[in-house]
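Let's take a walk through this structure together. Have a look at the sequence and the model first, and then we'll go through the parts one by one.

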Amino acid sequence: MLGAILKKEACAECRFCCAFRKTSLWEVPVFTRENTEAIKKNQNLDSSVLEPLDKRLFGNTETDIADYLSDYSVYDLTDCYQTDDPEEEVPCPYLGRNGCILSAEEKPWDCKIWPLRVMRTEGGDVVIALTPTCPEINKINLNDVKKFVNENLRDELLSYAKSHPYLIKEYREDFPIL
Ligand code: SF4
Ligand code: SF4
């Protein structure tokens, strides 16, 4: 989504956002029902790693909200770490040798918009923020990123987030708001 200002080649070298430390497991992408169904149809992909988001949040409750949440899936990397090193990174199951192996239909919105995040502040405002750890985006002036997002992406991002509220992350204070 930020292809116009973020070079593909730089991402191919980096891949930072496709592997997760224990402390960044909250960042694993959330798959919509459409993503999950597309993945299930693709025989080259393992869909068994995906589990409904409601199990994470509510156990096996049978409430209306749990039914709604089961439209969203995530994978659980908790047991994949080999050491206690907080710097250890575990790759996303859909990271191949040449990058992400998912098609546009299969790829989560979280990944399409990265390093942008749509977040909810403590006060309940929904904001667009920038992940502070992307090395390439940090080379660009923040005001230029903000201008690009305002002119090209803001309405689309907020509208999609509004219709998919469980994709909105809790705000973290080190994320600059755009
Ligand atoms: S962290 Fe930034 S530069 Fe690295 S792969 Fe992700 S978007 Fe690209
Ligand atoms: S789904 Fe693709 S883009 Fe998203 S984290 Fe996994 S490998 Fe990276």
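A residue counts as buried when its relative accessible area is under 20%, as exposed when it is over 50%, and as partly exposed in between, using a 1.4 Å probe and protein chains only. This is a predicted model, where local features need pLDDT of at least 70, side-chain atom pairs count only at pLDDT 80 or more, and totals for chains, interfaces and linings use all residues. Residues are numbered from 1 along each chain as its sequence is written, chains are lettered from A and ligands numbered from 1 in the order in which they are written, and side-chain values use heavy atoms, with hydrogens and water left out.

Let's start with P115. Its relative accessible area is 0%, so P115 is buried. You'll find P115 in the loop between helix 5 and strand 7 (helices are DSSP runs of H or I with at least four residues, strands are runs of E with at least two, and both are numbered from the N terminus). Setting aside neighbours within four places in sequence, P115 is in contact with L2, L6, A129, L130, T131, C134 and I137, where contact means heavy atoms within 4.5 Å.

Now for the nonpolar cores, which are sets of buried Ala, Val, Leu, Ile, Met, Phe, Trp, Tyr and Cys residues joined through side-chain atoms within 4.5 Å. The largest has 24 residues, and L116, V118 and L157 have the most contacts inside it. Helix 5 (109-113), strand 7 (116-120), strand 8 (126-130), helix 6 (142-152) and helix 7 (154-163) each give two or more residues to this core. Helix 6 provides the largest share, three residues. Another core, of 13 residues, lies apart from it, with F31, L45, L50 and V90 among them.

What does L157 contact, beyond its neighbours within four places in sequence? The list is M1, W109, I113, L116, V118 and I128.

H164 is buried, because its relative accessible area is 16%. Leaving out residues up to four places away in sequence, H164 touches T32 and Y72.

Finally, the ligands. Around ligand 1 are L6, C11, C14, R15, F16, C17, W114, C134, P135 and E136, each with a heavy atom within 4 Å of it. Ligand 2 is surrounded by C17, C18, C92, Y94, L95, C100, L102, P108 and C111.
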